[in-house]
Amino acid sequence: MGAGQKSAGEGATAAVAEALAPRQGSMAGLGPRAQELAGRVAVVTGAGQGMGRAIARRLACRGACVAALDLNLAAVQETVSGMEEADAEGGGRRGHAALACDVGDSGAVDAAFERIEAHAGPVSILVNNAGIGRAPNDGSERMYALMAKRNEELAVGGPARTHVDHIPFMEDAGWAGVLRVNLDGAFFCTRAAVRSMIKADRPGAIVSIASTAAQSGEGPVHYVTSKAALIGLTRALARELGSRGIRVNAVAPGPTNTPIMQGIPEQWVRDMENTIPLGRMAEPEEVAEAVCWLASDAASMCTGAVLVANGGSYFF
Ligand SMILES: NC(=O)c1ccc[n+]([C@@H]2O[C@H](COP(=O)([O-])OP(=O)(O)OC[C@H]3O[C@@H](n4cnc5c(N)ncnc54)[C@H](O)[C@@H]3O)[C@@H](O)[C@H]2O)c1
């Protein structure tokens, strides 16, 4: 391929980005779905960047009042300011909120939900999106160094003699650090949202962002475990909460073009995209669309589901 030419994957990504772009900041193009979440209060965790930001903005585009939570207050304020501009364009104001909150801190989560209820009313939608792939003292630096060595052995024709060990280097704190955010955080937020729904005696929708890694097993051991557990949480709660009209689902993205991906060597990204039947990673807005659908009444008979948004790499 000559310089300046785009691969099929790159061309498709550009086309998708172009098609989605007008909808990120305005309601243009949404048609009858523009107000399908009107009157709902939606909480999105990890909404300061990446998928969480795209999800928060898309829920707002569909008419929800959004409370965007993140460790990084400045980032989440930026997310919300984009939503307010879109509201102004559409002629209304819904009072979206940006809150600093560590989802792994149960007291902080309860306090954030109290503030949201006082400000906007009972919660109808929760998106458990906050997630991390590594934590201090989790041995991942040594594991990635071994992986690079193995890749070098393979690149010169093998054989690959290096074992990509991770668990021997993982300290208790490193394991707990990832589980604390990805699993405990989802539990704390889900419990707070369900209490709000029950108190208001209203139905609701909870969507957790799992990962294709839960199915493929590819990824750091604590991360994969946390995402598989999130699917267990989803299924158990779908059964428990069905009688109340509270639906609980998960979206399992594959590799998605968020800031996390920008730290990965370009060649690794290309190699990974070559294994995806659709030939490219997802844009955050494509995952956000799947989340919005599960959160909306259009998915009224779906609960306990795992909606795969990974271009066909793995199926649940
Ligand atoms: N990007 C991918 O390829 C991919 C693939 C599958 C699943 N996922 C999952 O999707 C979700 C979003 O991923 P992303 O790529 O947008 O990530 P990201 O790192 O770009 O953004 C994550 C956001 O979560 C926030 N956050 C981290 N810890 C937090 C905490 N304790 N409390 C509150 N907020 C916290 C961060 O500040 C950040 O704004 C994660 O759960 C991730 O595991 C991502």
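Predicted model: local features only at pLDDT ≥ 70, side-chain atom pairs only at ≥ 80, totals over all residues.
View 1. Overall, the mean pLDDT comes out at 90, with 88% of the residues at 70 or more. Two stretches need some care. Residues 1-8 have pLDDT below 50, and beyond near neighbours in sequence that stretch has four contacts in the model. Residues 21-28 also stay under 50, though here the model has 17 contacts beyond four places in sequence.

**View 2. The seven-stranded sheet.** Go across this open sheet and you meet its seven strands in the order E3-E2-E1-E4-E5-E6-E7, with parallel pairing. At the edges stand E3 (97-100) and E7 (306-309); each has a single partner strand, so one side of each has no neighbour in the sheet. On average, neighbouring strands are turned by 15° against each other, direction ignored. Strands of a sheet pair through backbone hydrogen bonds, either parallel or antiparallel.

**View 3. Strand E5 and its two partners.** E5 covers residues 204-209, and six of its six residues are buried. In a regular strand, side chains alternate between the two faces of the sheet. Here Gly204, Ile206 and Ser208 point one way, while Ala205, Val207 and Ile209 point the other, and all are buried. Four bridges join E5 to E4 (residues 125-128), and the two strands run parallel. To find that pairing, look for Ile125 with its bridge partner Ala205, and for Asn128 with Ser208. E6 (residues 246-253) also pairs with E5 in the parallel sense, over six bridges. In that pairing, Val207 stands opposite Asn249 of E6.

**View 4. Two helices packed on the sheet.** Which strands does H2 touch? H2 packs against E1 (41-45), E2 (65-70), E4 and E5, and its direction makes about 170° with that of E1. H6 lies across E1, E4, E5 and E6, and runs at about 180° to E4.

**View 5. The shell around the ligand.** The ligand has 30 residues around it, and the closest are Gly46, Gly48, Gly50, Gly131 and Thr258.

Conventions:
Residues numbered from 1 in each chain as written. Near = placed C-beta within 6 Å. pLDDT = per-residue confidence, 0-100. Contact = placed C-beta atoms within 7 Å. Buried ≥ 20, exposed ≤ 12 C-beta atoms within 10 Å, placed from the backbone. Pairing = 2+ DSSP bridges. Axes fitted to C-alpha atoms, helices over the stretch in contact; angles between N-to-C directions.
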